[in-house]
Amino acid sequence: MTLLAPLTTAGVGGPARTYVEARSESEIIDAIRSADTAGDPLLIIAGGSNLIIADDGFAGTVVRLASTGFTVNDDNATCGGVMVKAEAGQPWDELVEYTVLHALSGLEALSGIPGSTGATPVQNVGAYGSDVSQTLATVRTWDRETQTVKSFTNFELKFGYRDSLLKRATVNGSPRYVVLTVEFQLALGRMSAPVKYAELAREVGVDIGERAYANDVRRAVLKLRGAKGMVLDPADRDTFSTGSFFTNPIVDEGTAATLPENAPRYPTAEDGQVKLSAAWLIDQAGFGKGFGLAGDDGFAAAGGRASLSTKHTLAVTNRGSASAADLLAIAALVADGVDHRFGIRLHPEPLLIGCAL
Ligand SMILES: Cc1cc2nc3c(=O)[nH]c(=O)nc-3n(C[C@H](O)[C@H](O)[C@H](O)COP(=O)(O)OP(=O)(O)OC[C@H]3O[C@@H](n4cnc5c(N)ncnc54)[C@H](O)[C@@H]3O)c2cc1C
């Protein structure tokens, strides 16, 4: 029996009925095919950094993607840049570090994000004004419906904010398309892509829209993320989470107008839609950093086993012995509180497997 909790960064989740570790593309396809042929429910797990798995575990087959490695094709490196192709299970930040150290530009602002490369296109992983849709060229997937290998170009993936066709084709945590390899097209050079995020621009000492050395951008991002508990650190309980538990809500202008004037608002690609800050809403609804830990009166929501991070109100953290139910109890108090105060419903960013908010 394999317990799933140790395979996740939140550290929760009961046992898998069947567990397979797949170390190559053919092992991944074989394992998925066997489960699908047997009609067994399938859960994909790679870095385990975006999953809250129920305490009962998973009554089906769990396939862990452990195919690692990447290749750099600079044979024809010109203005078109360099193609970097990674296996699904390749740890993401190792790839980012390699590209920065080898003067391949474009991924530096995505430094320090846990998890695998194959998962990055699923929710269009992003941070500090950057996301993978800006550099991703193609993905190869295993299509479980047609039982064939299917490739998608960037355009075909229909990326959005923390969204893609791959995510929309995932039902109850089970993806139709399992990413096998991801190919990025990166620019040659030591300079970063234009820095788009004010906090990051300040840290590296450039104006928004300017470039800096990619290595400086990586260092700054790791520093900023570290201060928020957003880089995995076994010694820091604030990092035992899924990162942001809630996505930033996108609302119409009418709803945004009901909020206090100082509520952060960001433009979106769609006319009449505004992106809000989930962290601000949570804080203003009365849930500060560390919410859930014992207060002066000794009361602790979820027994103090789970709480908001003491560094950031967006992360729900496991203080050492939390269950999935404890993490969800904190998240539900926060989501209900924001709804009550502002009439806006927050939606979870991680996949909830066998459990709900
Ligand atoms: C401390 C911390 C900070 C974080 N910061 C950020 C951040 O800044 N930005 C951000 O976007 N995210 C962030 N995250 C969330 C998470 O790291 C990303 O979503 C990451 O891409 C998840 O990868 P994973 O391999 O861990 O996925 P897992 O958690 O192993 O998988 C989750 C689900 O994704 C799908 N999936 C995974 N791999 C594949 C594949 N190859 N093919 C098809 N489906 C697949 C499956 O449905 C799977 O069940 C953070 C998480 C933590 C813990």
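Biologist: How many salt bridges does the rule count?
Modeller: The count comes to 18. This is a predicted model, in which local features need pLDDT of at least 70, side-chain atom pairs count only at pLDDT 80 or more, and totals for chains, interfaces and linings use all residues. Residues are numbered from 1 along each chain as its sequence is written, and side-chain values use heavy atoms, without hydrogens and water.

Biologist: Why is the pair Asp143 and Arg176 called a salt bridge?
Modeller: The closest N and O atoms of Asp143 and Arg176 are 2.8 Å apart. The rule asks for a side-chain nitrogen of Lys or Arg within 4 Å of a carboxyl oxygen of Asp or Glu. So the pair qualifies.

Biologist: What makes this a link between distant parts of the chain?
Modeller: Asp143 and Arg176 are 33 residues apart. Asp143 sits in strand S11 (residues 136–143). Arg176 lies in the loop between strand S14 (174–175) and strand S15 (177–188). Strands are DSSP runs of E, at least two residues, and helices are runs of H or I, at least four, numbered from the N terminus.

Biologist: How do you know that helix H2 touches helix H5?
Modeller: The axes of H2 (residues 92–101) and H5 (residues 214–227) come within 9 Å and cross at roughly 150°. Axes are lines fitted to C-alpha atoms over the stretch in contact, with angles from 0 to 180 degrees between N-to-C directions. H2 contributes Asp93, Val96, Glu97 and Val100; H5 contributes Ala214, Asn215 and Arg218. They count as a contact because that means heavy atoms within 4.5 Å.

Biologist: Which domains does the assignment give?
Modeller: Domain 1 (2–65), domain 2 (70–227) and domain 3 (237–353). The bounds come from an automatic or database assignment.

Biologist: What do domain 1 and domain 3 bury between them?
Modeller: About 1,200 Å², 58% of it on carbon and sulfur atoms. Buried area is the accessible area (1.4 Å probe) that two parts lose on being put together, summed over both. Strand S4 (residues 51–53) gives the most to domain 1's side, with three residues.

Biologist: How many salt bridges cross the interface of domain 1 and domain 3?
Modeller: The rule finds zero.
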